[in-house]
Amino acid sequence: MMNTQTNYGNWVPEKMFPPLFGGGAVLLAAGLACGIGLHKTALAVVLAVLGIILLAYGAYMYRCHEEFAFGKGNMMAKVHEHLVRHLDWDGKGKLLDIGCGAGALTVRCAKAFPEAQLTGMDYWGAEWNYAKDQCERNAKAEGVADRITFEKGDAAHLAYPDESFDAAVSNFVFHEVRTAKDKRDVVREALRVVKKGGTFSFQDMFSQKGLYGDMDEFVKQLQAEGITEVHFIGNLEQKLDFVPGYVRTPWMISGMGILYGRK
């Protein structure tokens with residue numbers, strides 16, 4: 001999928017590395033200065049340990065960054081592929097990608113469903129290295145720009161009428177939506193804009209009970225609310241062979257799940 005002209009970013013933002021590596025180096029240097037120049041051994045040890053911790057964490061995050069990266073470890077692409085495989089859709093009609101980021105999943109869907117018209121929406125907050133014009137450049141580089149529209153929006157309050165889309169997808173977005181206290185409401189909002197009989201495939205930290213509670217109970221609630229077919233697979237990080245052990249951590253990927261089916 002990777003085109004050399006594209007920039008899909010990374011789940012580990014590159015802007016975090018200068019503070020980690022720079023801060024670690026400064027603390028180590030300060031520790032040496034305190035120990036050698038000022039003879040304050042206890043302070044020197046504390047500063048050196050803090051510096052080593054920052055450098056070690058930076059090295060760990062860099063390794064994750066390389067594993068996730070398109071064209072390198074490709075884990076982001078493999079996660080998107082897993083989501084699309086669970087979207088039981090003929091590709092005729094309109095698809096919404098909720099929280100499209102840099103447009104990687106939107107582009108993958110455009111290639112998987114060559115007859116579809118697609119909309120990618122995102123809030124594009126300052127904390128992420130994604131932007132609307134970046135999405136548009138990526139879609140153009142991949143040759144699918146004529147079938148994709150990118151729009152700014154809020155996943156908790158989608159600016160589309162009920163049953164606007166034949167299919168909807170979202171990947172690792174719902175738990176990040178700050179305008180919704182209950183993340184289950186973000187799922188319901190996504191389903192609201194799917195046509196009756198339309199399909200959906202959502203991946204998020206669904207197995208984290210602090211975010212979504214009891215998913216088996218939530219699935220029953222969705223069925224009672226009229227969703228025809230709902231499937232849930234939890235703790236995917238333990239089941240997908242392309243997810244390395246060192247990213248299966250509470251601060252990286254933990255409690256990953258997929259919710260998919262037909263409205």
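User: Why is S164 called buried?

Analyst: Buried means under 20% relative accessible area, while exposed means over 50% and partly exposed lies in between (1.4 Å probe, protein chains only). S164 has 11% relative accessibility, so S164 counts as buried. A word on the source: this is a predicted model, where local features need pLDDT of at least 70, side-chain atom pairs count only at pLDDT 80 or more, and totals for chains, interfaces and linings use all residues. Residues are numbered from 1 along each chain as its sequence is written, and side-chain values use heavy atoms, leaving out hydrogens and water.

User: Where does S164 lie, and what is S164 in contact with?

Analyst: You'll find S164 in the loop between β3 and β4. Contact means heavy atoms within 4.5 Å; leaving aside neighbours within four places in sequence, S164 has contacts with K94, V193 and K195.

User: What makes a set of residues a nonpolar core?

Analyst: The members are buried Ala, Val, Leu, Ile, Met, Phe, Trp, Tyr and Cys residues, joined through side-chain atoms within 4.5 Å. Here the largest such core has 48 residues, and F68 and M252 touch the most other members. Helix α3 gives the most to this core, with six residues. Helices here are DSSP runs of H or I with at least four residues, strands are runs of E with at least two, and both are numbered from the N terminus.

User: Which residues does M252 touch?

Analyst: Not counting residues up to four places away in sequence, M252 touches V12, Y60, M61, C64, F68, M205 and V247. Apart from that core lies another, of 30 residues, including L158 and V186.
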